[in-house]
Amino acid sequence: MKLNRIGSAAAVLSVAALALTACGSDSPTAAAGSEGAETSAASGVTGTLTGSGSSAQNSAMEAWIAGFKAENPEANVQYSPDGSGAGREAFLAGGAQFAGSDAYLKPEEAEAATEVCGPEGAFNIPAYVSPIAVAFNLEGVEEINMDAATIAKVFKKEITKWNDEAIAKQNPDVELPDTAITVVHRNDESGTTENFVEYLKAAAADVWTYDVSGDWPSDIQSENAKGTSGVVSTTTSTDGAITYADFSAVGNLSTVNVKVGEEYTKISPEAAAKALETATPVEGAAENDLALDLERDTTEAGTYPIVLVSYHIFCSSYKDQATVDLIKAFGNYAVSEDGQKTAQASAGNAPISATIADKAKKSIDGITVAE
């Protein structure tokens, strides 16, 4: 999906370095602390920062908040995991100072950002990278193989039984029961949904004819729940259910091995990293923005193509120095080596590359006080 949106990465990801992947101060902030972006207890960063958005990021965000608090005991970060769409809406309405989002800003959102962030608008920073699991609950079956067309037909409800021939022929050694498939999807606007259907649209275009959107197609009637935890909980409690969710959150659910080229790829952070090797900067984006487009229909063996790159969205300027200092301190902590390791230990995601981290720091350090 190629869209002109604000922001752009000035260079392509260096995945070899991967270990595997408003504005204004409506919230209270204290006097300005450090002028720079370094975070430490001695920096004097104080006040409260408010964010909203991605539920997929929630475990990582909790780890970032705890780590940041340890280094800045007089600073607080409040984050509400209401979903990517809700987070972007809150940010653009001035109700949050940053957003967590599993999709970068749409063109119309980028335009709206100039109203709350000033003429330079907002920008996207990759902060959290994780594969999206096609996760299921089927008694006695721990993993299963599916190609893109089969996954698309399952989620379109064209395949309704687990022992359907389309599934059975890809799993000759698996005893598949005559159990009904229950599709579980997100009922809130979700970047996870957008990433998942973007894969279906690219890799199974003959089957998945819907436009790419963060909202699930309204004419596919199935079970639904809010947020990552909602779909995982519903799937876990329903024999025969299948859903899509951030890999770090699927718990004991089984997962689908996705066919790429002539082989089936088991989900892992390392396989997700390979999908990022062909990621390209979003066309027409500004220098301080690191939004990326992924090649969802890759045929390279060993690649897991259903990848979620979740962003932190910041204003290019805020109305006071205290807010700027706090945003810079937290933003830089999240993308730092320490911040990424802290998140990985908590959420099991893959850390961003050193190349992207360096570019992210440069963009965050460029945040200014609005004139």
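These legends walk through several close-up views of the predicted model.

The model is predicted, so local features need pLDDT of at least 70 and side-chain atom pairs count only at pLDDT 80 or more, while totals for chains, interfaces and linings use all residues. Residues are numbered from 1 along each chain as its sequence is written, and side-chain values use heavy atoms, with hydrogens and water left out.

**View 1. Helix 2 crosses helix 3.** Helix 2 covers residues 84–92 and helix 3 covers residues 107–117; their axes come within 9 Å and cross at roughly 40°. That angle makes helix 2 oblique to helix 3. (Angles under 35 degrees count as roughly parallel, over 145 as roughly antiparallel, 65 to 115 as roughly perpendicular and the rest as oblique.) Axes are lines fitted to C-alpha atoms, for helices over the stretch in contact, and angles run from 0 to 180 degrees between N-to-C directions. Helices (H or I, at least four residues) and strands (E, at least two) are DSSP runs, numbered from the N terminus. On the helix 2 side look for Arg88, Phe91 and Leu92, which meet Glu109, Ala112, Ala113, Val116 and Cys117 of helix 3. Contact here means heavy atoms within 4.5 Å. Sorted by class, the contact of helix 2 with helix 3 has 6 nonpolar, no polar and 2 charged residues. (Ala, Val, Leu, Ile, Met, Phe, Trp, Tyr, Cys and Pro count as nonpolar, Asp, Glu, Lys and Arg as charged, and the others, Gly among them, as polar.)

**View 2. A disulfide joins cysteine 117 to cysteine 315.** The structure holds 1 disulfide, a term for a pair of cysteine sulfur atoms within 2.5 Å. In this pair, the sulfur atoms of cysteine 117 and cysteine 315 are 2.0 Å apart. The torsion about their S-S bond is about -55°, so the disulfide is left-handed. Distant parts of the chain are linked this way: cysteine 117 belongs to helix 3 and cysteine 315 to strand 13 (residues 307–315), 198 residues apart. Both cysteine 117 and cysteine 315 are buried. (Buried means under 20% relative accessible area, exposed over 50%, partly exposed in between, with a 1.4 Å probe and protein chains only.)

**View 3. Proline 131 sits in strand 4.** Strand 4 spans residues 122–137 and includes proline 131. With 1% relative accessibility, proline 131 counts as buried. Leaving aside residues up to four places away in sequence, proline 131 touches Ala245, Asp246, Phe247, Ile267, Ser268, Pro269, Ala272, Tyr304, Ile306, Val307 and Leu308.

**View 4. Helix 8 is mostly covered.** Of the 8 residues in helix 8 (residues 269–276), 6 are buried. They are Pro269, Ala271, Ala272, Ala273, Ala275 and Leu276. The buried residues of helix 8 pack against strand 4, strand 10 (263–265) and strand 13.

**View 5. Helix 4 leads to lysine 157.** Helix 4 (residues 148–155) is mostly covered, with 6 of its 8 residues buried; these are Ala148, Thr150, Ile151, Ala152, Val154 and Phe155. After helix 4 comes lysine 157, in the loop between helix 4 and helix 5. Most residues other than glycine have a negative phi. Lysine 157 is partly exposed, at a relative accessible area of 38%.

**View 6. Asparagine 145 reaches a backbone oxygen.** Asparagine 145 lies in strand 5 (residues 143–146) and is buried, with a relative accessible area of 17%. A polar atom of its side chain lies 3.4 Å from the backbone oxygen of glutamine 170. Not counting residues up to four places away in sequence, asparagine 145 touches Gln170, Asn171, Asn257 and Tyr264.

**View 7. Helix 9 packs on helix 10.** The axes of helix 9 (residues 321–335) and helix 10 (residues 337–347) are 4 Å apart, and the helices pack at an angle of about 65°. Tyr333, Ala334 and Val335 of helix 9 meet Glu337, Asp338, Gly339, Gln340 and Thr342 of helix 10. By class, the contact of helix 9 with helix 10 has 3 nonpolar, 3 polar and 2 charged residues.

Conventions
Polar contact = N/O pair within 3.5 Å; in protein donor to acceptor, adjacent residues only side chain to side chain.
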